[in-house]
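Look over the sequence and the model before reading on.

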Amino acid sequence: MAYKDEKLNEEKVFKDPVHRYVHVRDRVIWDLIGTPEFQRLRRVKQLGTSYTTFHGAEHSRFNHSLGVYEIVRRIINNFENRPNWNEDERLLCLAAALLHDLGHGPFSHSFEKVFKLDHEDFTRKIILGDTGVNAILRRVDDNFPHKVAEVINKTYENKLVVSLISSQIDADRMDYLQRDAYFTGVSYGHFDMERILRVMRPMEDQVVVKESGMHAVEDYIMSRYQMYWQVYFHPVTRSAEVILTKILHRAKELYENQYSFYLEPYHFTSFFAGEVDLQDYLKLDENVVMYYFQIWKDEIDPVLSDLCKRFVDRHLFKYVEFNPNQQMSEWMELHKLFQKAGIDPDYYLVVDSSSDLPYDFYRPGEEGERLPIHLLRPNGELKELSRQSDIVESISGKKRTDHKLYFPKDLIEGLSNRSKTKKRILEILYG
Amino acid sequence: MLNNHAKLVRFFSQCEEVVGRKRLQKMIYILKKAGYPFEERYEFHFYGPYSEELTLRVEELCNLGFLNETHEKKSNYHQYRYSLTEGGEEFLTHYEDMPFKDMTEHIHNMNEESSRFLELVSTMLYFDQLSRDECEEKVRAVKKKMNYTDDELQQAWSFIDRLLN
């Protein structure tokens with residue numbers, strides 16, 4: 001029997017708090033889960049710094065990847081024998097679902113910003129490079145790794161396959177909304193996924209939803225909207241992210257200035273030098289990063305040491321609302337006042353915008369901008385969701401942006417009470 | 001602070017108006033590929049390179065009053081127009097030292113072209129790691145429904161050559 005068709009003697013199941021069970025029958029999928037590159041995802045948190053706000057949010061990209069695989073498995077079970085669905089693409093969908101986040105590094109959002117990296121690029125490199133994952137995919141056929149990489153990169157010819165994993169109603173989002181809700185403990189993020197899966201239909205280029213399932217989809221869109229504001233855009237989480245980003249900037253700057261670290265940062269040097277190869281990338285997981293942060297708490301450099309203490313011990317920056325339209329001159333004044341007070345504004349005065357975060361809302365958008373969710377009417381006609389649903393339309397047009405100014409309140413309060421600088425800083429920040 | 005916003009405001013200050021979000025997405029992507037330091041992250045979507053970060057940042061600029069957005073309802077969708085406001089011009093005065101090459105010629109050239117053509121150019125640029133033949137084959141595969149002609153592909157190559165040289 002060809003490797004691609006091999007089944008395990010007995011179905012394996014992973015107990016899962018969101019989907020109850022994740023079922024694995026294909027030998028290829030089982031072997032992929034066992035690779036070091038996939039196991040590494042256990043050491044990369046799904047929600048980055050959110051655990052500083054929601055203490056339960058310690059779940060990993062490993063959990064999420066299995067969840068996405070399971071949802072895709074259920075969707076394509078329902079697609080069997082339906083028009084537009086090609087059963088030959090089953091294994092491709094399952095493998096791409098399982099591996100879609102393979103290239104995420106530790107705290108990947110901050111790392112990507114500071115070191116100009118792209119996790120999708122690393123996903124591709126892991127799939128196509130000299131890795132355990134590649135060896136398994138090649139056993140299916142020589143071109144299979146390439147196909148899996150294309151599905152994940154969204155450049156695969158059959159857009160139906162791509163849309164299962166990446167569209168405005170895909171397995172990725174359906175898993176992370178429910179999983180993140182479960183682990184953060186919030187009461188949002190719940191929707192009737194079983195109903196959505198039952199009414200999904202394969203079309204030539206996309207997955208659509210039968211019109212009768214519109215209310216389940218409305219619930220999904222509402223969950224998404226609430227989760228963004230309540231969890232993903234949470235200002236305390238963003239404070240931790242701001243500090244993390246500044247730690248990486250500081251460590252890089254010190255390295256570039258030949259600073260002598262107490263412990264040579266071997267795992268970071270290729271990142272600092274901008275020459276990260278695949279092996280370096282795979283070695284740096286969140287456990288390693290946290291080890292360095294722990295060590296850097298005792299560094300001689302006061303900025304690096306202070307920022308690491310803040311991050312590790314959760315002594316975060318405070319924040320106020322900030323309107324760049326009305327407060328630009330105040331910001332410039334603050335910048336000077338911080339310098340005068342001996343608090344480096346490049347590290348301790350940060351404006352963070354919602355567009356700096358890697359999450360998106362449902363947008364019907366403009367024609368040709370981004371594919372919206374389509375409802376399938378009984379007569380075969382397709383209608384964009386917000387045209388049919390008042391609920392979705394009402395949240396599609398809302399303002400969804402905000403800016404916050406982050407700073408170390410404790411350092412400002414530590415300035416002498418007689419200091420005019422302190423008085424003025426507090427006046428600007430708190431009115 | 002807000003350097004990425006300022007770069008976009010600089011772009012709008014060099015256009016009279018941008019008609020269409022799709023056009024805006026493709027213009028920024030093409031400029032980015034031409035070496036302008038826009039940092040919005042792009043992914044390949046159904047209609048070619050698309051940046052959610054750009055969408056949200058433009059929304060922020062509108063909410064801040066730096067950009068004016070108008071939209072008109074077409075039969076099955078909305079069409080958006082963007083132009084810089086006085087507030088946007090004032091914001092830009094804080095970034096006069098920001099190094100940024102002039103974009104007006106590229107903007108003018110892109111505005112002469114249709115959105116369909118910009119979609120083709122940006123998709124070809126997305127596959128710029130492939131050889132020309134491979135790139136054309138890929139573009140035809142992922143853009144089957146657009147039915148791009150040989151002539152359009154040739155024009156797109158000429159456009160890209162002018163852009164990058």
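Two strands count as paired if DSSP finds at least two bridges between them. Keep that rule in mind for the strand pair in chain A. This is a predicted model.

**A strand pair in chain A**
- Strand E1 of chain A covers residues 7-16, and strand E2 of chain A covers residues 20-26.
- The two strands run antiparallel and pair over 6 bridges.
- A hairpin of 3 residues links E1(A) to E2(A).
- A:Asp16 sits opposite A:Arg20 in E2(A).
- In a regular strand, side chains alternate between the two faces of the sheet.

**Where chain B meets chain A**
- Chain B brings 41 residues to the contact, and chain A brings 43 residues.
- About 4,100 Å² is buried between chain B and chain A.
- Carbon and sulfur atoms give 52% of that area.

**Bonds across the interface**
- The rule finds 8 salt bridges between chain B and chain A.
- B:Lys145 forms a salt bridge with A:Glu204.
- Their closest N and O atoms are 3.7 Å apart, and the cut-off is 4 Å.
- Between chain B and chain A, 12 residue pairs are in polar contact, with both residues at pLDDT 80 or more.

**Chain B's side of the contact**
- The elements of chain B that give two or more residues to this side include helix H2 (21-33), strand E5 (78-84) and helix H7 (132-142).
- H3(B) gives the most, with 8 residues.
- The residues on this side divide into 17 nonpolar, 11 polar and 13 charged.

Key
Residues are numbered from 1 along each chain as its sequence is written. Chains are lettered from A and ligands numbered from 1 in the order in which they are written. This is a predicted model: local features need pLDDT of at least 70, side-chain atom pairs count only at pLDDT 80 or more; totals for chains, interfaces and linings use all residues. Side-chain values use heavy atoms; hydrogens and water are left out. Contact means heavy atoms within 4.5 Å. Buried area is the accessible area (1.4 Å probe) that two parts lose on being put together, summed over both. A salt bridge is a side-chain nitrogen of Lys or Arg within 4 Å of a carboxyl oxygen of Asp or Glu. A polar contact is a pair of N or O atoms within 3.5 Å; within protein, one must be able to donate a hydrogen and the other to accept it, and residues adjacent in sequence count only if both atoms are side-chain atoms. Helices (H or I, at least four residues) and strands (E, at least two) are DSSP runs, numbered from the N terminus. Ala, Val, Leu, Ile, Met, Phe, Trp, Tyr, Cys and Pro count as nonpolar, Asp, Glu, Lys and Arg as charged, and the others, Gly among them, as polar.
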